[in-house]
Amino acid sequence: MASGIPLTDQDRTPWLLLLHDIIQREMAAGTNAILVCSALKKLYRQLLLFGRCALDGGGGAGGGAGVGDRLEGVLFAFLQGSFQLIQERVQARGGHFMPPSLLRSQFDTLEPPSPAENALALDIRDGMPEIAAEIERALSAHL
C-alpha cells in the first residue's frame with residue numbers, strides 16, 4: 001500500500017488469519033481485547049471470526065464453517081462516513097503508510113456489514129468521546 005498499490009485478498013489473508021489467532025488466544029484466556037483493522041469485506045470479517053474455516057466454503061457465501069455470521073464475544077465497530085469527509089481526514093494526516101490515492105479502492109472494496117454480522121454502525125462525524133461511549137454501551141449490552 002505504501003507504494004500506492006492496493007492489497008489483494010491474497011495479500012490480506014495471512015494477516016487476517018494471524019489476527020484471528022490473536023482473537024482466539026484472547027478469548028481462550030478470558031480476556032477482553034480491542035483489535036483495529038479495516039475488515040472491508042464480509043470474507044475478511046469471516047476470516048477474523050472463523051480463521052481457515054472461512055476459506056472452506058462452509059456457511060454459505062463468504063464462509064463461516066456453517067456456524068453463521070456471529071461468534072459470541074466478538075463485536076465489530078463499523079466506522080462509516082462519506083468519501084469526502086474521509087478523504088479530507090486522510091489528506092490531513094501525515095506519515096501514514098496508506099497514500100490518499102488508495103482511498104477510492106478502499107471504498108470500491110467495501111462491503112458494509114449486514115445486521116447478522118454483529119456490527120455496530122458508528123458515524124465518524126461524531127467526536128471520539130461520543131464514538132467511544134457508544135462502543136462502551138454496546139459492549140456492556142453485548143457481554
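Me: Which helix holds both Arg137 and Glu134, and how many residues apart are they?
Reply: Happy to start there. Arg137 and Glu134 are 3 residues apart, about one turn of the helix. Helices here are DSSP runs of H or I with at least four residues, strands are runs of E with at least two, and both are numbered from the N terminus. The helix that holds the two residues is H5 (residues 128–142).

Me: What kind of model is this, and where does residue numbering start?
Reply: Residues are numbered from 1 along each chain as its sequence is written. This is a predicted model, where local features need pLDDT of at least 70, side-chain atom pairs count only at pLDDT 80 or more, totals for chains, interfaces and linings use all residues, and side-chain values use heavy atoms, with hydrogens and water left out.

Me: How far apart are the closest N and O atoms of Arg137 and Glu134?
Reply: Side chains of opposite charge can pair when their charged atoms come close. A salt bridge needs a side-chain nitrogen of Lys or Arg within 4 Å of a carboxyl oxygen of Asp or Glu. Arg137 and Glu134 form such a bridge, and their closest N and O atoms are apart by 2.7 Å.

Me: Is Arg125 buried or exposed, and what is its salt-bridge partner?
Reply: Buried means under 20% relative accessible area, exposed over 50%, and partly exposed in between (1.4 Å probe, protein chains only). Arg125 has a relative accessible area of 66%, so it is exposed. Its closest N and O atoms with the partner are 2.5 Å apart, and that partner is Asp123.

Me: How many salt bridges does a search of the whole structure find?
Reply: One of them joins Arg25 to Glu26, with the closest N and O atoms 3.1 Å apart. Arg25 is exposed because its relative accessible area is 51%. Over the whole structure, the search finds 6.

Me: Which helices are included in what covers the buried residues of H1?
Reply: The buried residues of H1 are Arg12, Thr13, Leu16, Leu17, Leu19, His20 and Ile23. Ile22 also lies in H1, but at 28% relative accessibility it counts as partly exposed. The cover over the buried ones includes H2 (42–50) and H4 (103–109).

Me: What phi does Asn118 take, and is Asn118 buried or exposed?
Reply: At 12% relative accessibility, Asn118 counts as buried. Most residues other than glycine have a negative phi. Asn118 is not a glycine, yet its phi is positive, at about 55 degrees.

Key. Contact means heavy atoms within 4.5 Å.
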